[in-house]
Structures are given as structure tokens and as C-alpha cells.
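User: I have a model open and would like to learn how to read it. Can you take me through it feature by feature?

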Amino acid sequence: MRVIDTSAWIEWLIGSRAGKKIGGLLPEPDAWVVPTIVQLELAKWLTREIGEDKADQVIAFSETCQIAPLDTKIALAAAELCRVRKLATADAIVLATALHHGAELISCDADFENMPEVTYVPKSAG
């Protein structure tokens, strides 16, 4: 099981050097856990940067994966991660979701760089 952070999705979608590395780490869609906050961030970014049609396509693909809604248990775990690890709310939700599902988190977000639960792929990866 893997959770792909929004930053990693974007790098993968734009085909950057980091995105190509991430592409090699991606499991079959049934082994992806997609937090609903990632769907929100992707829809927002894609609509703004690429267009509504592409956003619709990517969200449709994400729905073939395991969707992880934000529930109370994950929200409370995320709140604790905000406090303990000083993460932004969205980052804490993504990490809490990964931990809840026993999934590896893949991210290009430097805030996750030294976390043992995260496979960090720097945007400059090549």
C-alpha cells in the first residue's frame, strides 16, 4: 500500500525527473490509498495549471484507487502530528492517512525529508 502525496502526483503528472523516479515506485491502482485532501489539492492545482478536463481525468483515475476520507480517527491523529512534528494541516492529514492504512508515503515535499515512514524524492531527483 502506498499513499502518493500531492507533490509527488504533480511531479509524476508533469513528467519531471523526480516524476520519472516516482513512476517507478507506483503500485497498481488497487494498492494506492488516496486521501480526499489529495483529491482536493490535485483538483485545485490541475484546474488552475492545466485545465478542468485534465483535472476531471486525474480525479477519475484517483477514484479507481482506494479513497481514504478524512474521518475523526485520522483527523485526531493528524492534529497530533501537527503538534509533535510541526506539520501543516494537509501534510499531517496525508501522513496520518498513510499511518492509519499501514501504507508507505511517497512525497517530494521537503517537510517529509527525514521521516522514516516516508520515501522522499527530491524535486531535483534525477
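This is a predicted model: local features need pLDDT of at least 70, side-chain atom pairs count only at pLDDT 80 or more; totals for chains, interfaces and linings use all residues.

User: How do I read a core, and which residues have the most contacts inside the largest one?

Analyst: A nonpolar core is a set of buried Ala, Val, Leu, Ile, Met, Phe, Trp, Tyr and Cys residues joined through side-chain atoms within 4.5 Å. Buried means under 20% relative accessible area, exposed over 50%, and partly exposed in between (1.4 Å probe, protein chains only). Here the largest nonpolar core holds 38 residues, and Trp9, Leu42, Leu95 and Leu105 have the most contacts inside it. Helix α6 (residues 89–100) supplies the largest share of this core, 6 residues. Helices (H or I, at least four residues) and strands (E, at least two) are DSSP runs, numbered from the N terminus.

User: What does Leu95 touch, apart from its sequence neighbours?

Analyst: Contact means heavy atoms within 4.5 Å. Leaving out neighbours within four places in sequence, Leu95 contacts Leu81, Arg85, Leu87, Leu105, Phe112, Met115, Glu117 and Val118.

User: And Trp9: is it buried or exposed?

Analyst: Trp9 lies in helix α1 and is buried, at 1% relative accessibility. Not counting residues up to four places away, Trp9 touches Ile4, Trp32, Val34, Val38, Leu42, Val58, Phe61 and Ser62. Trp9 and Ile106 are 97 residues apart in sequence, yet their C-alpha atoms are 9.2 Å apart.

User: Which other residues of α1 are buried, and what do they pack against?

Analyst: The buried residues of α1 are Thr6, Ser7, Ala8, Trp9, Ile10 and Glu11. They pack against β1 (2–4), α2 (17–23), β2, α3, α4 and β4 (104–107). After α1 comes Gly15, with a positive phi near 70 degrees.

User: How do I describe two packed helices?

Analyst: Use the angle between their axes and the distance between the axes. Axes are lines fitted to C-alpha atoms, for helices over the stretch in contact, and angles run from 0 to 180 degrees between N-to-C directions. Take helix α3 (residues 36–49) and α6: their axes come within 9 Å and cross at roughly 135 degrees. Angles under 35 degrees count as roughly parallel, over 145 as roughly antiparallel, 65 to 115 as roughly perpendicular and the rest as oblique. So α3 and α6 are oblique to each other.

User: Which residues meet there?

Analyst: Ile37, Val38 and Glu41 in α3 meet Ala90, Ile93 and Val94 in α6. By class, that contact has 5 nonpolar, no polar and 1 charged residues. For these classes, Ala, Val, Leu, Ile, Met, Phe, Trp, Tyr, Cys and Pro are nonpolar, Asp, Glu, Lys and Arg are charged, and the others, Gly among them, are polar.

User: What should I look at in aromatic rings?

Analyst: Look at the distance of the centres and the angle of the planes. Rings of Phe, Tyr and Trp (its six-membered ring) pair if their centres lie within 6.5 Å; planes under 30 degrees apart count as stacked, over 60 as edge-to-face and the rest as tilted. The count here is 6 aromatic pairs. Trp12 and Phe61 have ring centres 6.3 Å apart and planes at 45 degrees, so the pair is tilted. Trp12 in helix α1 (residues 6–14) and Phe61 in helix α4 (residues 52–62) are 49 residues apart. Phe61 is partly exposed at 27%. Trp32 and Phe61 pair edge-to-face, with 5.3 Å between centres and 85 degrees between planes. Trp32 sits in strand β2 (residues 32–35), 29 residues from Phe61. Trp32 is buried, at 2% relative accessible area. Ring pairs join Trp9, Trp12, Trp32 and Phe61 into a cluster.

User: What about backbone angles?

Analyst: Most residues other than glycine have a negative phi. Lys86 is not a glycine, but has a positive phi of about 60 degrees. Lys86 lies in the loop between α5 (72–85) and α6, and is exposed at 68% relative accessibility.

Notes
Residues are numbered from 1 along each chain as its sequence is written. Side-chain values use heavy atoms; hydrogens and water are left out.
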